[in-house]
Amino acid sequence: MGYKVGLDIGIASVGWAVVDDDKTVIDAGSRLFEAADANKNEVRRSHRGLRRLGRRKIHRITMFEKLWSDYGLTMTEALPATPLELRNSGQHQKLNSSELFVVLKNLLKHRGISYLDDAVDESETVPI
């Protein structure tokens with residue numbers, strides 16, 4: 001004895017029916033879906049953007065730490081001064097490698113953009 005399945009797939013619903021060889025209906029039903037809402041797209045898009053920003057921030061810091069250690073520089077973050085105090089003192093005196101590491105890592109944590117690679121060089125533009 002065999003069964004046949006019929007599907008009716010629409011834009012807001014899916015219907016199904018299961019029949020046997022004698023054309024007796026074994027099961028039938030439908031599932032309705034919520035209507036599409038553009039507001040949900042905006043929410044999804046903003047969450048996706050936040051996830052990307054977080055990933056980029058982690059990637060920047062990880063690559064910075066890897067580059068710093070590749071050059072054999074010290075990475076001590078336990079310093080008596082805050083990163084902002086170190087930035088300020090760095091304007092007037094030379095920072096050691098640990099202090100410079102803290103300052104640069106702080107800059108990478110709270111700043112940084114990834115779209116500069118896509119920016120057009122103004123010298124390459126053709127004047128009109």
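Predicted model: local features only at pLDDT ≥ 70, side-chain atom pairs only at ≥ 80, totals over all residues.
1. Buried means under 20% relative accessible area, exposed means over 50%, and partly exposed lies in between (1.4 Å probe, protein chains only). Helices (H or I, at least four residues) and strands (E, at least two) are DSSP runs, numbered from the N terminus. On those terms, none of β1 is covered: the number buried among its seven residues is zero, so β1 lies largely in the open.

2. Residues are numbered from 1 along each chain as its sequence is written, and side-chain values use heavy atoms, with hydrogens and water left out.

3. Overall layout. The protein has three helices and three strands. From the N terminus on, the order is β-β-β-α-α-α. Of the 128 residues, 11% count as buried. Contact here means heavy atoms within 4.5 Å. Take the contacts between residues at least 6 apart in sequence: 28% of them join residues at least 24 apart.

4. The sheet. Two strands pair if DSSP finds at least two bridges between them. Three strands make an open sheet, ordered β1-β2-β3, with antiparallel pairing. β1 (3-9) and β3 are the edge strands, and each pairs on one side only. From one strand to the next, the twist averages 10°; axes are lines fitted to C-alpha atoms, for helices over the stretch in contact, and angles run from 0 to 180 degrees between N-to-C directions.

5. β1 with β2. These strands form a hairpin with three residues between them. Their antiparallel pairing runs over seven bridges. V5 has V18 of β2 as its bridge partner. For D8, the partner in β2 is G15.

6. β2 with β3. Strand β2 (residues 13-20) pairs with β3 in the antiparallel sense, over seven bridges. A17 has A28 of β3 as its bridge partner.

7. Which residue in the β2-β3 hairpin takes a positive phi? K23 does, near 65°, and this hairpin has four residues between its strands. K23 is not a glycine. K23 sits in the loop between β2 and β3. K23 counts as exposed because its relative accessibility is 73%.

8. A35 lies in the loop between β3 and α1. A35 is exposed, with a relative accessible area of 65%. The C-alpha atoms of A35 and S13 are separated by 9.9 Å, and these residues are 22 apart along the chain.

9. Helix α1. The expected span of a helix is 1.5 Å times one less than its number of residues. For the 33 residues of α1 that gives 48 Å; the end C-alpha atoms are 48 Å apart, which agrees. I61, F64 and W68 are buried in α1. Helix α3 is among what covers them. G72 follows α1 and has a positive phi, near 70°.

10. Helix α3. The 14 residues of α3 (residues 97-110) should span 20 Å, and the end C-alpha atoms are 20 Å apart, in agreement. Buried in α3 are S98, F101, V102, V103, K105 and N106. These buried residues pack against α1 (38-70) and α2 (83-90). N96 caps the N-terminal end of α3, with a side-chain oxygen 3.1 Å from the backbone nitrogen of S98. A polar contact is a pair of N or O atoms within 3.5 Å; within protein, one must be able to donate a hydrogen and the other to accept it, and residues adjacent in sequence count only if both atoms are side-chain atoms.

11. The core. A nonpolar core is a set of buried Ala, Val, Leu, Ile, Met, Phe, Trp, Tyr and Cys residues joined through side-chain atoms within 4.5 Å. The largest such core has seven residues: F64, W68, L86, L95, F101, V102 and V103. α1 and α3 are the elements that give two or more residues to this core. α3 gives the most, with three.

12. What does L95 touch? Leaving out residues up to four places away in sequence, L95 touches L86, S89, G90, L100 and V103.
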